Amino acid sequence: WARVERIIAPIPCEAALGLMLASGQGCAKSEEQGLQWLRASATSGCMYGIGALAHQYYTRKMFTKSVEYAFKASETTTPSVSLSPLECRGVALCCFVLARCLELGLAVGKNVSKAQEYYLKSRDFDKAMTSELHTLLVYGRM
């Protein structure tokens, strides 16, 4: 069924399906298939897919890949560009992940001032997403 879905699924749905498979929400958990769907979504240019993929790589401690995807999305858009709320959420996720890597020096040189810029950029794209990620960070879940 996955092949059929790939043909008819809109790009943001690929990202949602990838997250569901990776976490086992509503289906059998399959991290590898989840990452495949997220990569397909990211390759198609879906900002939400790119953000979700960067976050998945970050949580799996694959910081080089996480930074690669997060940097791609965070540098190609600005808050003034007209994006859908879902795309803004994805870019905010990318900015937050990139800021966290810069703050800790994971896969990139440690640069706290640049990290602060990306935290602010994350907030500019989606305050609610940034707040959720900050809460995860405070409770040690990120």
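Trainee: Are Tyr58 and Phe63 buried or exposed?

Mentor: In this predicted model, Tyr58 is buried, and Phe63 is buried as well, a label that stands for under 20% relative accessible area.

Trainee: What makes Tyr58 and Phe63 an edge-to-face aromatic pair?

Mentor: The ring centres of Tyr58 and Phe63 are 5.4 Å apart, and a pair requires centres within 6.5 Å; the planes stand at 65 degrees, and over 60 counts as edge-to-face. By this rule the count comes to 3 aromatic pairs.

Trainee: Why is the pair of Phe96 and Tyr119 called edge-to-face?

Mentor: With the centres of Phe96 and Tyr119 at 5.1 Å and their planes at 65 degrees, the pair is edge-to-face, because the limits are 6.5 Å for the centres and over 60 degrees for the planes. This pair links distant parts of the chain, since Phe96 belongs to helix H6 (residues 85-104) and Tyr119 to helix H7, 23 residues apart. Phe96 is buried, and Tyr119 is too.

Trainee: Why does Val97 count as buried?

Mentor: Val97 has 0% relative accessibility and therefore counts as buried, as the label applies under 20%. Val97 lies in helix H6, and, leaving aside residues up to four places away in sequence, it touches Ala54, His55, Tyr58, Ser66, Ala70 and Met142.

Trainee: Why is Ser44 called partly exposed?

Mentor: The relative accessible area of Ser44 is 41%, so Ser44 is partly exposed, the label for values between 20% and 50%. Ser44 is found in the loop between helix H3 (31-43) and H4, and its C-alpha is 9.7 Å from that of Glu14, although the two are 30 residues apart in sequence.

Trainee: What is the phi of Ala107, and why does Ala107 count as partly exposed?

Mentor: Ala107 likewise has a positive phi, near 70 degrees, and its place is in the loop between H6 and H7. At 47% relative accessibility, Ala107 counts as partly exposed, because exposed would require over 50%.

Trainee: Which elements give two or more residues to the lining of the largest pocket?

Mentor: The largest pocket holds about 300 Å³ of space, and 15 residues line it, with Leu19, His55, Gln56, Leu93 and Met129 the closest to its centre. The elements giving two or more residues to this lining are helix H2 (11-23), helix H4 (47-59), H6 and helix H8 (127-138).

Trainee: Where is the confidence lowest in the protein, and where is it highest?

Mentor: The mean pLDDT is lowest in helix H1 (residues 2-8), at 46, and highest in helix H7 (residues 112-125), at 95. Over residues 1-8 the pLDDT is below 50, and that stretch has 7 contacts in the model beyond near neighbours in sequence. The protein averages 87, and 90% of the residues score at least 70.

Methods. Residues are numbered from 1 along each chain as its sequence is written. This is a predicted model: local features need pLDDT of at least 70, side-chain atom pairs count only at pLDDT 80 or more; totals for chains, interfaces and linings use all residues. Side-chain values use heavy atoms; hydrogens and water are left out. pLDDT is the predictor's confidence in each residue, from 0 to 100. Helices (H or I, at least four residues) and strands (E, at least two) are DSSP runs, numbered from the N terminus. Contact means heavy atoms within 4.5 Å. Rings of Phe, Tyr and Trp (its six-membered ring) pair if their centres lie within 6.5 Å; planes under 30 degrees apart count as stacked, over 60 as edge-to-face and the rest as tilted. Buried means under 20% relative accessible area, exposed over 50%, partly exposed in between (1.4 Å probe, protein chains only). On a 1 Å grid over the protein atoms alone, a cavity is a set of points where a 1.4 Å probe fits but cannot get out, and a pocket is an open set with protein on both sides within 12 Å along at least five of seven lines; lining residues have an atom within 4 Å of a point. Grid points are joined across faces, edges and corners, and a volume is the space filled by probe spheres set on the points.
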